[in-house]
Amino acid sequence: MKRFLLFFISLFLLSHQASAEVSFITVSDESSYNEVEDFSNTYEINFNRHGEKNINKCQAVRLDEYWFLTAAHCVENACRDNCSFQARLIVGPNYEADMTVTHTPQSPKIFKHEKAKLDKRSSSYDLALLYFKPSETKVVYKDMSIRRALTEEQFLQRIPNESLYYKAVKGTNIPNLLIVNEKEGKELNRSISAISIWDGKREVLDAKDSLVYSPQQKLFFTKNFGIIKGISGSGVMTNTGELVAIVSAIGSVGIYNKKTKKYDPLSIVYLSAFDQEVVDFIHEHVGSFGYIEATPEYWGNLNAKQKELLNLLDTVNLGKK
């Protein structure tokens, strides 16, 4: 009997309608990359469909001054027709910069990948671009401690690490995307971490297990290391500074326990990877951007357990027999 057998595999898309702020960080030097202020390329994104009160919260990674990359399912329902969306840069406990723009069919600001597959089995190419057109974007700087609007000059004078956040406000603190064109399953030879900001509490989330790449699904997956609803669209960063994927979904499989003769649930995180089709998609809309191809030194071979789990996930998610 296989050790990895189906328990249940229902993907839960990770957008959320409660207050949450979570962004991903790079940890290439633990002494230098362990503070929220060190990482300013991931923003909280709020989507509001016109005529509705609910706000859909996700995250997005800034690609340049005007373009952000997020998860396609974040906009699937909230922005089918007319909607507004806002990017929030959180600076410490008191300051934030908000950018707001409106999307309509006549003046589109949201562009989903044409191969985005969003269902309960898979989330391949779960990617969308957000465009903050300069002439139509409203930018507001705030001091939340006194609930007062600031000018950009006042904002940059008051916040700590002015040069870093100036880069964030101007969209110049941009990571390179890691492009994956592997034809077989591999283990990524890099570590990743996340930083969670929830109700003012900040916690670094370190992935204890390696990322495994599925060329069939165009996804990475790993054991859940604290990922919860509300962080779809966050950028997954490697310890060497590359943006390797976008957070997409979570699911569960059952691992057979020989001692108890039962199946223990294992929570899995699914991450949308970047291949040549994603490069072409971004080029079409954004133009030039930074990326590098994952060369052989980025990869390791899968062990037996990883191969079996990869086969199970491919079988279930792709409907194979």
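This briefing covers selected strand pairings and the disulfides of the structure above. The model is predicted. The disulfide count is 2. Strand 6 (residues 67–70) has buried residues pointing both ways, and 15 of the 16 residues of strand 20 (residues 242–257) are buried.

- Strand 5 (residues 56–62) runs antiparallel to strand 6, joined by 2 bridges. R62 sits opposite F68.
- Strands 5 and 6 make a hairpin, with 4 residues between them.
- Strand 10 (residues 128–131) also runs antiparallel to strand 6, through 4 bridges. Here T70 has A128 as its bridge partner.

**Strand 20 and its partners**

- Strand 20 is mostly covered.
- Strand 13 (residues 176–179) runs parallel to strand 20, with 2 bridges joining them. N176 has E242 as its bridge partner.
- Strand 19 (residues 235–238) pairs antiparallel with strand 20 over 3 bridges. V236 stands opposite A245 of strand 20.
- Strand 21 (residues 262–272) pairs antiparallel with strand 20 over 11 bridges. N257 has K262 as its bridge partner in strand 21.
- Strands 20 and 21 form a hairpin too, with 4 residues between them. K261 in that turn has a positive phi of about 55°.

**Disulfide C58–C74**

- The sulfur atoms of C58 and C74 are 2.1 Å apart, and the two cysteines form a disulfide.
- The torsion about this S-S bond is about -100°, so the C58–C74 disulfide is left-handed.
- C58 belongs to strand 5 and C74 to helix 1 (residues 73–76), so the pair ties together parts that are 16 residues apart in sequence.
- Both C58 and C74 are buried.

**Disulfide C79–C83**

- C79 and C83 form a disulfide with their sulfur atoms 2.0 Å apart.
- The link of C79 and C83 is right-handed, with 95° about the S-S bond.
- C79 counts as buried because its relative accessibility is 7%, under the 20% cut-off. C83 counts as buried at 0%.

**Pairing order**

- With the bonded cysteines of the protein chain numbered in sequence order, the pairing reads 1-2, 3-4.

Terms used
Residues numbered from 1 in each chain as written. Predicted model: local features only at pLDDT ≥ 70, side-chain atom pairs only at ≥ 80, totals over all residues. Heavy atoms only, no water. Buried < 20%, exposed > 50% of the residue type's maximum accessible area, 1.4 Å probe, protein only. Pairing = 2+ DSSP bridges. Disulfide = S-S within 2.5 Å.
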